[in-house]
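Hi,

Here is the structure I promised to pass on. Have a look at it first, and then read my notes below.

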Amino acid sequence: MKRIKINRLLASDTSIDKVLVKGWVRTKRDSKEFSFMELNDGSCLKNIQIIADSQLENYSQIGVITTGSAIGVEGRLVESPGKGQKWEIHADSVEIINIAPEDYPLQKKRHSDEFLRTIAHLRARTNKYGAAFRIRSEMAFAIHKFYNEKGFRYLHTPIITGSDCEGAGEMFRVTSLEPDAVAKAGKMDFNQDFFAHEANLTVSGQLSAEMFALALGDVYTFGPTFRAENSNTSRHVAEFWMVEPEMAFCDLDGNMDHAEELVKYLTLHAVTNCSEDIAVFTDFVDKGLKKVLDTLIQQEYARISYDDAIDLLLKSKKEFEYKVESGKDLQSEHERFLAEEYFKKPVFLINYPEKIKPFYMRLNDDGRTVAAVDLLVPRIGELIGGSQREERLEMLEQRMDKMGLSKETYWWYLDSRRFGSVPHAGFGMGFERFLMLITGITNIRDVIPFPRTPGNIDF
RNA sequence: UCCCCAGUAGCUCAGUCGGCAGAGCAAGUGGCUGUUAACCACUAGGUCCGCGGUUCAAAUCCGUGCUGGGGAGCCA
C-alpha cells in the first residue's frame, strides 16, 4: 500500500477506509485502553492524531514509542469526536520503524532558538523551523515562477571566479595547492595552482549576469554567494543565497519598479500559499508581522534620493548616536529611522555619492552621484542593493581609473560596452533577509538550514 | 574586529549580604482518563562554562580564557 502524506489527508472531504501514513511521533498520551499519538511527516504544520487501541496485535509494543520515534500506521481516516482536529486515524496496525531513545533532545515544549541552533540537524522537526523551511522552499519556487512568468531567463553564473575584485568584501580563496607546499615556498604561486590564476568563491553573479542581459535581454541568477567578512551580526552569514535580476534597456526607475513588483509578488505568494505556516509567525513569533505583510503587499514603497534623505534626517530632530553627514554612508540607525519610523514601509534610497559606491554604477548628470538604489525595509535594513549600470565606455573607464582598477582584468566587461552597449540595470536581493522579513525571524542563522558564520561550520 | 550582556540539572530559569544546590518542564516508575503543551504520585538527575586568585568559607568577589546573545562596522 502506498503511503499518503498528512497534508492531503487533513484536506480530505470524506472519511477513508484504508490509509497508510508514515512519520515521526511528536507526542503521545497513553492509557490502558488507548494510546493517542500526534504524527507529523513534514508535509505540513499540523499533526494527525492516531488512536491505537488495546485490540491491536502489537499493543504492548506501542508503549515503547517515544517522542521522536518513526512509525507507520495503517488504518481508517474518520471524523474525530474530540476537540482540536477534524480528522484522526484509527489504527489497524502500527509499524515501529525506529524508536528514539530517551535522550532525544526535542521535547514537546518551547525551546530557545539558541539551543535549537546547537542541534541544527534536528531543529527542522519543530513547528517553527519546519514552517520556516517549508516557506523557504516555497519562496525559492516562487522566485522561479515570477521570473518565468515575466519571460526572464535563469542564468547559472560561476561559483568559482577569477576576478580579483568584485568590490563586495573579502573573498574565500579557492586553491588546489597543498598548504605544506605553500608554507615551504613562503607564498602562493598561482602559476602552479589549478587555474594558473588566483581564484575565489563568488561574491556576486552580477558582472556575468550583465553579459547575458546584453544577450538574452532579461536574466536572473539565484544561487549561493560567499563573503569572508568577519562580521558577526544577526543579518550576516558567510554563505547565503541571492537573487540577482539584470535587465537590458532598463533604467533606475525600471529597476525600482521591478524590485517592488518582486517583493510584492513573493510576499503575496507566501501569504496565499503558505498561510498555515505563516500563521505560526504572525501568531507566535511576531505579533506585528501581519501588519508588516499587509504593508509589503498593499503600500506603494517610498522613493527618495540620498540628498533628500540626508536633509530629512538632519531635520528629524532625532538624537542619533552617529552624526548624519552628507557624503558619507548612512548608519544602521539612520536607515532604521527612515524605514521604521519615518516612512513606516519599504523605502528606496537612490542617487548616492559616487565616492561611496562601486565602479560599475552609472554616473548621474550631476557628475557627483551615481544611479544606485538600496531598498531599506523595517527591522532588516538593506534588503536590496543595485543600480543602473554605467553603459558608456568612456565614463566606465574613467571611473575605473579613478578607483585604480585594472582595465586589463576587466577586458571582457569593457568589451560589452564596446559592442552594442545599452542602458541596463539590476540588483541583488538577499534571499535569507527576505525570509527574515516575511517571517519575523530576527536572526539570519535561523532561516538557512546550516548557517556558516565566522568560527562555525558545524553540520 | 570593537562595545555591552550572559553561561547553574536534558531544556527554561531562580539562587537575597559570600555561609548545606533549587523550581517548572522533560526523563524513569506506578496510577488514571476520548486524550490533545493531558492529569496525579513517586524516583533519579549537578565539573554551578574552563583555569588561576582572594577568603575560615565562592554559583556568588577579582583576573583570564572559551562559548553564546545583543549592538557597531561591512554588506545582501
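Let me start at the surface. Ile159, Ile160, Phe194 and Phe195 make up a nonpolar patch there, and together they have about 400 Å² of accessible area. Please keep in mind that this is a predicted model. If you want to find Phe194, go to the loop between helix H5 (179–185) and strand S8 (200–201). Phe194 has a relative accessible area of 64%, and over 50% counts as exposed, so Phe194 is exposed.

Next, the cysteines. How many disulfides does a search of the whole structure find? It finds zero. A disulfide is a covalent bond between the sulfur atoms of two cysteines. For Cys44, the closest cysteine sulfur belongs to Cys274 and is 13 Å away, which is too far for a bond because the two sulfur atoms would have to be within 2.5 Å.

Last, helix H7, which covers residues 252–273. With 22 residues at 1.5 Å a residue, H7 should span 32 Å, and the C-alpha atoms at its ends are 31 Å apart, so the two values agree. At the start of H7, Asp251 places a side-chain oxygen within 3.2 Å of the backbone nitrogen of Asp253.

Cheers

Notes. Residues are numbered from 1 along each chain as its sequence is written. Chains are lettered from A and ligands numbered from 1 in the order in which they are written. This is a predicted model: local features need pLDDT of at least 70, side-chain atom pairs count only at pLDDT 80 or more; totals for chains, interfaces and linings use all residues. Side-chain values use heavy atoms; hydrogens and water are left out. Helices (H or I, at least four residues) and strands (E, at least two) are DSSP runs, numbered from the N terminus. The expected span of a helix is 1.5 Å times one less than its number of residues. A polar contact is a pair of N or O atoms within 3.5 Å; within protein, one must be able to donate a hydrogen and the other to accept it, and residues adjacent in sequence count only if both atoms are side-chain atoms. Patches are made of residues with over 30% relative accessible area and no salt bridge: like charges are joined within 9 Å, nonpolar side chains (Val, Leu, Ile, Met, Phe, Trp, Tyr) within 5 Å. Accessible areas come from the Shrake-Rupley method with a 1.4 Å probe; for residues, only the protein chains shown count as cover. A salt bridge is a side-chain nitrogen of Lys or Arg within 4 Å of a carboxyl oxygen of Asp or Glu. Buried means under 20% relative accessible area, exposed over 50%, partly exposed in between (1.4 Å probe, protein chains only).
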